[in-house]
Amino acid sequence: MNESLSDLTREIVAFRDARDWAQFHDPKNLALALSIEAAELNEHFLWKEAGQARIEGVQEELADVLIYALLVAHHYQMDPAALVRDKLRANEEKYPVDRARGRADKYTEL
C-alpha cells in the first residue's frame, strides 16, 4: 500500500465535498449506509459455494464499505489506523495465541 489512510480519506472527502454531499453525511446516515453496503457485500456470497462470488462485485461493495467507514472516522476525527491497532491489542488480550489458535470460540469460552 503506497497511499496512507489519511491521503485516501482526503480524496474521499474532496470527492464528497465537490458534490455538496456533506449535508447528507451525518453519523446516522453514514452508519446506515455502511450497514447497507455491508449487506450488499453479503449478497455476493449468499447461496454460493466458497470461491463462487464474482470478484468485481465484491470489490465494488467492499470499496463502498471502506469509504463509509473512513467517512465515519473522519466525522469523529478518529485515526482509522490507530482504531485498528487499538482493537488488535485488545483482541490480543482476549484471544491469546496459546488458547485461541485454531479455535473459533468467543473469548469468554476459551
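Biologist: Before that, what kind of model is it?

Modeller: It's a predicted model. The chain averages a pLDDT of 95, and 98% of the residues score at least 70.

Biologist: Where is confidence lowest, and where is it highest?

Modeller: Lowest in helix 5, residues 97-100, at a mean of 94; highest in helix 2, at 98.

Biologist: OK, helix 1. How far apart are its end C-alpha atoms?

Modeller: They're 20 Å apart. Helix 1 runs over residues 5-18, so it has 14 residues, and at 1.5 Å a residue it should span 20 Å, which agrees.

Biologist: Which residues in helix 1 are buried?

Modeller: Thr 9, Ile 12, Val 13 and Arg 16 are buried. They cover an arc of only 100° around the axis, which puts them on the same side of helix 1.

Biologist: Why would residues spaced like that point the same way?

Modeller: An α-helix has 3.6 residues a turn, so residues three or four places apart point the same way.

Biologist: And what's exposed on the other side of helix 1?

Modeller: Arg 10 and Ala 18 are exposed there.

Biologist: What covers the buried residues of helix 1?

Modeller: The cover includes helix 3, residues 55-75.

Biologist: Where is Gln 77, then?

Modeller: In the loop between helix 3 and helix 4, with helix 4 being residues 80-94.

Biologist: Is Gln 77 buried or exposed?

Modeller: Exposed: its relative accessibility is 75%, and the cut-off for exposed is over 50%.

Biologist: Last topic, pockets. How much space lies in the largest pocket?

Modeller: About 300 Å³.

Biologist: Which helices supply at least two residues each to its lining?

Modeller: Helix 1, helix 3 and helix 4. Helix 3 gives the most, with six residues.

Biologist: Which residues line the largest pocket?

Modeller: Among them are Leu 5, Leu 8, Ile 12, Ala 63, Leu 66, Ile 67, Pro 80 and Leu 83. Ile 12 is also one of the buried residues in helix 1.

Conventions: Residues numbered from 1 in each chain as written. Predicted model: local features only at pLDDT ≥ 70, side-chain atom pairs only at ≥ 80, totals over all residues. Heavy atoms only, no water. Helix = DSSP H or I, 4+ residues; strand = E, 2+ residues; numbered from the N terminus. Expected span 1.5 Å × (residues − 1). Buried < 20%, exposed > 50% of the residue type's maximum accessible area, 1.4 Å probe, protein only. Arc of directions from axis to C-beta. Contact = heavy atoms within 4.5 Å. pLDDT = per-residue confidence, 0-100. 1 Å grid on protein atoms, 1.4 Å probe; cavity = no way out; pocket = protein on both sides within 12 Å on 5 of 7 lines; lining within 4 Å. Points joined across faces, edges and corners; volume = space filled by probe spheres on them.
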